[in-house]
Amino acid sequence: MLEIVPRQNNQSLKQYVFATLSQNIVRLNLKPGEKLNEAEISELLGISRTPIREALLDLAEKKLVVIRPRSGTFVSFIDMDIVSQFLYLRTVVERDLSRMACDCLSPDDIDRLHENIAIQKYYYETSKPNKLLECDIRFHGEIYRICKKEFLSDVISSLSIHFDRIRYLSMTKREFILKISEHENYLHALENGDVQAAMAISDEHMAHTFEDYEWIKEAFPHYIGSSEG
């Protein structure tokens, strides 16, 4: 069932539809391979089909949906080639950000990151993967902000949706508490100005996503495939 999200004041209708559909794709309310019905989306959101079609074209450009002439529009499968390329990008960028953050972390930054981790634990224990994913994204976003790389953060975020589906599924595992402990160890390294440890933990954190993929292949084989449909 499509989850309707609040429309932001500065969003065009096309942007609102894109945000709503992409969030539902990440959270698997719209599952890989599922056919999208423009008429139903139009009725649910209370808007005309034109911005819906425009948003679907943008989603197709990002390989989140596949438009098949005379067949319809379908949610793309999780393409691990795209995920692995995105992870390579994040691994390279966040390794360097770890070095930078060691030099510019303030006491207020430390407090915010500790608070974030405490909230992550709460959402984990109360089995709220939607909230946990949001919190996880904010934790990493804080590192970009601390290093004054907000524009780069926006670029990374715009490319992350394929990866976020993997991350969301991994949050259904009880073992996700290990990822939260990595956040704690990472923050401890930053607090101590231990550049080598922070970079190593960052690399390990990214690498664990590939381990999640092996589990996801077994638990959700029907979600895996080519983004080309």
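A residue counts as buried under 20% relative accessible area, as exposed over 50%, and as partly exposed in between. In this predicted model, tyrosine 122 has a relative accessibility of 45% and therefore counts as partly exposed. Tyrosine 123, with a relative accessible area of 17%, is buried.

These two residues also interact through their rings. A pair of aromatic rings is described by the distance of the centres and the angle of the planes. For tyrosine 122 and tyrosine 123 the centres are 5.5 Å apart and the planes make an angle of 55 degrees, so the pair is tilted. The rings of phenylalanine 220 and tyrosine 223 have planes at 5 degrees and centres 5.3 Å apart, and this pair is therefore stacked. Phenylalanine 220 and tyrosine 223 are both buried. The count of aromatic pairs in the model comes to three.

The account now turns to the sheet. Three strands form an open sheet in the order β1-β3-β2, with antiparallel pairing. The edges are taken by β1 (35-36) and β2 (65-68); each has a single partner strand, so one side of each is left without a neighbour in the sheet. Two bridges join β1 to β3 (residues 72-75) in the antiparallel sense, and leucine 36 has threonine 73 of β3 as its bridge partner. Helix α3 (residues 49-61) packs on this sheet and touches β1, β2 and β3. The direction of α3 makes about 110 degrees with that of β2.

A further contact involves a charge and a ring. The charged end of arginine 68 sits over the ring of phenylalanine 74, 4.4 Å from the ring centre.

Notes
Residues numbered from 1 in each chain as written. Predicted model: local features only at pLDDT ≥ 70, side-chain atom pairs only at ≥ 80, totals over all residues. Heavy atoms only, no water. Phe/Tyr/Trp six-rings, centres within 6.5 Å; stacked < 30°, edge-to-face > 60°. Buried < 20%, exposed > 50% of the residue type's maximum accessible area, 1.4 Å probe, protein only. Lys NZ or Arg CZ within 6 Å of the ring centre and 35° of its normal. Pairing = 2+ DSSP bridges. Helix = DSSP H or I, 4+ residues; strand = E, 2+ residues; numbered from the N terminus. Contact = heavy atoms within 4.5 Å. Axes fitted to C-alpha atoms, helices over the stretch in contact; angles between N-to-C directions.
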